[in-house]
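Me: I would like to learn how to read a protein structure, one feature at a time. Could you take me through this one slowly, giving the general idea before each case?

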Amino acid sequence: DVLTYALIGSHGKMIYGANIENAAYGSTMCAERNAVFQAYCQGYRKEDIKALAIVGDGPTLISPCGSCRQVLSELLKPDTPIVLGARDHYEVTNIYELLPRSFSEEDL
């Protein structure tokens with residue numbers, strides 16, 4: 001199981017996301033996009049998201065897929081902390097480290 005949440009603002013509100021699986025893989029929604037999209041639906045924007053955590057109960061770190069990395073590169077600030085977690089260890093990174101030279105609106 002994967003637990004993902006976006007930490008919003010200085011008051012520490014957490015918005016959770018979950019993997020929504022589908023037999024047609026292209027229709028699946030990953031937890032990290034789910035959490036960030038929910039934050040945006042509630043009126044928050046990239047400056048409001050103070051951290052994103054992607055944590056699993058397995059032995060290896062959970063890392064965002066390519067689609068999630070692209071979305072996070074557009075909807076988070078480049079230096080927003082992203083916590084990748086496993087059962088007994090974690091790593092703090094950011095979207096700039098996970099997706100350097102990302103494609104953005106400036107490339108359109």
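Me: Is Asn34 buried or exposed?

Reply: A residue is called buried when its relative accessible area is under 20%, exposed when that area is over 50%, and partly exposed in between, with a 1.4 Å probe and only the protein chains counted. Asn34 has a relative accessibility of 15%, and therefore counts as buried. Please keep in mind that this is a predicted model, in which local features need pLDDT of at least 70 and side-chain atom pairs count only at pLDDT 80 or more, while totals for chains, interfaces and linings use all residues. Residues are numbered from 1 along each chain as its sequence is written, and side-chain values use heavy atoms, with hydrogens and water left out.

Me: Which residues does Asn34 touch, not counting residues up to four places away in sequence?

Reply: Contact means that heavy atoms lie within 4.5 Å. On that basis Asn34 touches Tyr16, Gly17, Ala18, Ile20 and Met29. For Ile20, which is 14 residues from Asn34 in sequence, the C-alpha atoms of the two are 8.6 Å apart in space.

Me: Where is Asn34 found, and how many residues of that element are buried?

Reply: Helices (DSSP runs of H or I, at least four residues) and strands (runs of E, at least two) are numbered from the N terminus. Asn34 is found in helix α1, which covers residues 31–41 and is mostly covered, since 8 of its 11 residues are buried. Those buried in α1 are Ala31, Glu32, Arg33, Asn34, Ala35, Val36, Ala39 and Tyr40. As a general idea, an α-helix has 3.6 residues a turn, so residues three or four places apart point the same way. Just after α1, Gly43 takes a positive phi of about 95 degrees.

Me: In what order do the helices and strands come along the sequence?

Reply: The protein has 3 helices and 5 strands, and, read along the sequence, they follow the pattern β-β-α-β-α-β-β-α. In α2, the buried residues are Cys68, Arg69, Val71, Leu72, Ser73 and Leu75, and what covers them includes α1, β3 (49–56), β4 (82–85) and α3.

Me: How should I read a loop, for example at Asp79 and Thr80: which is buried and which is exposed?

Reply: Asp79 and Thr80 are both found in the loop between α2 and β4. Asp79 counts as exposed because its relative accessibility is 53%, whereas Thr80, at 4%, counts as buried. Leaving aside its neighbours within four places in sequence, Thr80 is in contact with Ile49, Lys50, Ala51, Thr93, Asn94 and Ile95.

Me: What is phi of Arg101 near?

Reply: Phi of Arg101 is near 60 degrees, a positive value in a residue other than glycine. Arg101 sits in the segment after α3 and, at 83% relative accessibility, counts as exposed.

Me: How does the radius of gyration of the protein compare with that of a compact globule?

Reply: The radius of gyration is taken over C-alpha atoms, and the globule rule is 2.2 Å times the number of residues to the power 0.38. With 108 residues, a compact globule would be near 13 Å, and the protein has 13 Å, which agrees. Along its principal axes, the C-alpha trace spans about 35 × 35 × 25 Å. Of the 108 residues, 38% count as buried. Among contacts with a separation of 6 or more, residues 24 or more positions apart account for 56%.
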